[in-house]
Number of protein chains: 2
Amino acid sequence: MEFEKYITKRAKPLKASGIREMFKLMADPAVISLAGGSPDPELFPTDFLAEISAEILKNNGKKALAYGTTDGYAPLKEELKKRTENISSFDKEDKIIITTGAQQAIDLVARAVVEDDDLVVVESPSFVGTLNSLRSVRANLIGVTMESDGMDMSELESVLKGGKVKLIYTIPNFQNPTGITMSLEKREKLLELATKYDCLILEDNPYGDLRFAGTPVPTIKSLDKEGRVLYVGSLSKILSPGLRIGYLVCRGELCDKIEIIKQVNDVHTPCLTQMIATEFLKRYDVAAHIKKACEVYGRKCRFMMECMEKYFPKSVTWTKPEGGLFILVYCPESIDAAKLSMEAVQKYKVAFVPSNNFATNIDEKTSSFRLNYSTMSEEKIEEGIKAVGTLLKEKLGE
Amino acid sequence: MEFEKYITKRAKPLKASGIREMFKLMADPAVISLAGGSPDPELFPTDFLAEISAEILKNNGKKALAYGTTDGYAPLKEELKKRTENISSFDKEDKIIITTGAQQAIDLVARAVVEDDDLVVVESPSFVGTLNSLRSVRANLIGVTMESDGMDMSELESVLKGGKVKLIYTIPNFQNPTGITMSLEKREKLLELATKYDCLILEDNPYGDLRFAGTPVPTIKSLDKEGRVLYVGSLSKILSPGLRIGYLVCRGELCDKIEIIKQVNDVHTPCLTQMIATEFLKRYDVAAHIKKACEVYGRKCRFMMECMEKYFPKSVTWTKPEGGLFILVYCPESIDAAKLSMEAVQKYKVAFVPSNNFATNIDEKTSSFRLNYSTMSEEKIEEGIKAVGTLLKEKLGE
């Protein structure tokens, strides 16, 4: 049977994320993966979670196993409200919707506000999950160049002048894939431009807690008085990605519609995982847990950069993140990062993600690639970077 | 700030499910809810699940908390394959995708195959979650009348003749909301017509295991040789709805696309809930568990019908389900079921769902309503039915 004719225009151009495909390869334990975006599994509070999950099911099992409300488990919403009050001045009008990971929050927003061919601005490069979600609603994606302190604001303004933009998507803290943080000045400018040209902002902040250097910058949401910013948070990086707990903060009719779309999408996020997350936030020493994670990631990040200094050719440069999970590596233009990554996996079993995955046009030839430092041990990081360095030197003749 | 202008054409007409809204009212423990579609919470294997969840997190915590693959946890797919082999002749070409509840499976199919204005046939009345999901992709819904043995096949054929239908949605076993089961003859006819007019079939079978009377009928999927049937299953009714474990069986390029849409939607279903479901299927006496559920639901269903005989006016009739969770009650046309249900909640704190919720046109006036017998105790069922009977007698002067 020929299935192609049944597939919608919106589904047809979608390609599997190169990263998710690599994820399959990475089932091979011999592979050194600098490709993922996972927190360090050594940091998962497994014993604590084992205890509380048993406790929840024993004492409150009917609640954990029955249907829940679409907007989420009320005590979890309370805990998240407390957490988010620390990083923003959330207005009383704002509501929280718990989502099945931050990806679902982004996808719900895409379905709620992006019409066929609507112009949507994204950072260039940007997070592949969001790009694909926007593609699935047939957005017309426009990339704006990332500078060392965030999007190029004059480029952004000329894009906004050029045509009616509906939505601007940004990861202001330790961006995926660049690791770059947007300056306060640019955050203010972004909000000003969005207001002037009447676009919504989707602020995605999965890494915000993972700062290991520099000074925290207020969220764009905290600068926004009218609800123009839709804010996405996640427990994936501070608790566990596999539990799939994300959340969306937004308001008004838009929030109500997004809740209905969530209802048609998965009714609600599993109750058990929400209840586990609640107890984690309530009873675990989350501040100490995050502090430890930041120490580990800071150390690994610095170590990876030391290795790159040591093993990479001189013409190769990289971003210097103050937090998060990623470094972006820039090679001379002669390098095709997609080919390089294939060779690295085949020859040395080292995986990383070439930047075409993060481009608005996935077929674009790119010479940069993303490295993750959070998942592997320092030993493996050195081994991986050394192998990539060898490959790069070979190609560049340095 | 005015949000309406940002909302897409596809999101604008979506209304919250009346049932989900009632769910909020039902937080009041004094309400007798004949409105839900939950299994009996007394049947949840809470102690067993407490034990295995702790075991999983203790012994296999890194796996449970890390990112998983989009198509689902391999051992769960194996267990489900075994279960589904019993009820159908799944071809080796078929693949299983684990979803965050059956609702997500339906929603993914809608996104993959339904284009704006595509004709989609649904049973009239049908499951509100699917209707809303189809509305969210701007399907043109056409209802086909339910007879006591399933869809009216001659009506279906004239619809198929009348215009290009993309998809036919059916719940062949103990349908929601009618409780009706489609005969084998009609299942064969449905597949024949779908083949003749080249449409896909979405077979949704959440209640199939819950048969307490009559003889099992083969799934439509088991009659299908070419992959025209997309089959949706669920653990919501035999294990727990709150864990949100559903699955989709389909094949070919269509299956690959649906997997990618799942990737942009929520990356993957939480690992922990998938691992819990796996151990439940592997180690719990699932057959005995289902047998017990069927006994309970059969008893409650018969009891509810006895109460209706006793308390309802003679002009009111109802379906006689052989399984599942629902009875549909037909009143004389003078009754407006939507108004009746409001009065029942306000006067007697008894909740049930009027059929306009299950209609392709939600503003349609309907005189039938859905009753659920699985959730409440027999005492509450009698109290609730008595109250509804009093109201009906008042209205009908019987």
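Which residue stands opposite A:Leu200 in E7(A)? I looked it up, and the residue is A:Leu167.

**Ground rules.** I am working with a predicted model, where local features need pLDDT of at least 70, side-chain atom pairs count only at pLDDT 80 or more, and totals for chains, interfaces and linings use all residues. Residues are numbered from 1 along each chain as its sequence is written, while chains are lettered from A and ligands numbered from 1 in the order in which they are written.

**Around E7(A).** I took strands and helices as DSSP runs numbered from the N terminus (helices H or I, at least four residues; strands E, at least two). Strand E6 (residues 165-170) of chain A runs parallel to E7(A), with four bridges joining them; pairing needs at least two DSSP bridges. Between them the chain passes through helix H7 (residues 184-196) of chain A, and this β-α-β crossover is right-handed, that is, clockwise from the first strand over the helix to the second with the strands pointing away from the viewer. I also found E7(A) paired in parallel with strand E8 (residues 229-234) of chain A, over four bridges. There, A:Ile201 stands opposite A:Val229.

**Cover.** I checked strand E7 (residues 200-204) of chain A, and five of its five residues are buried (20 or more other C-beta atoms within 10 Å of a residue's own, C-beta atoms being placed from the backbone). A:Leu200, A:Leu202 and A:Asp204 lie on one side, A:Ile201 and A:Glu203 on the other.

**The two copies.** I laid chain B on chain A with a turn of 180° and a shift of 0.0 Å along the axis, giving an RMSD of 0.0 Å (least squares on C-alpha atoms of residues with pLDDT of at least 70 in both). That is the relation of a two-fold axis. In chain B, the C-alpha nearest the axis belongs to B:Ala54, 2.7 Å from it.

How values were computed: Buried ≥ 20, exposed ≤ 12 C-beta atoms within 10 Å, placed from the backbone.
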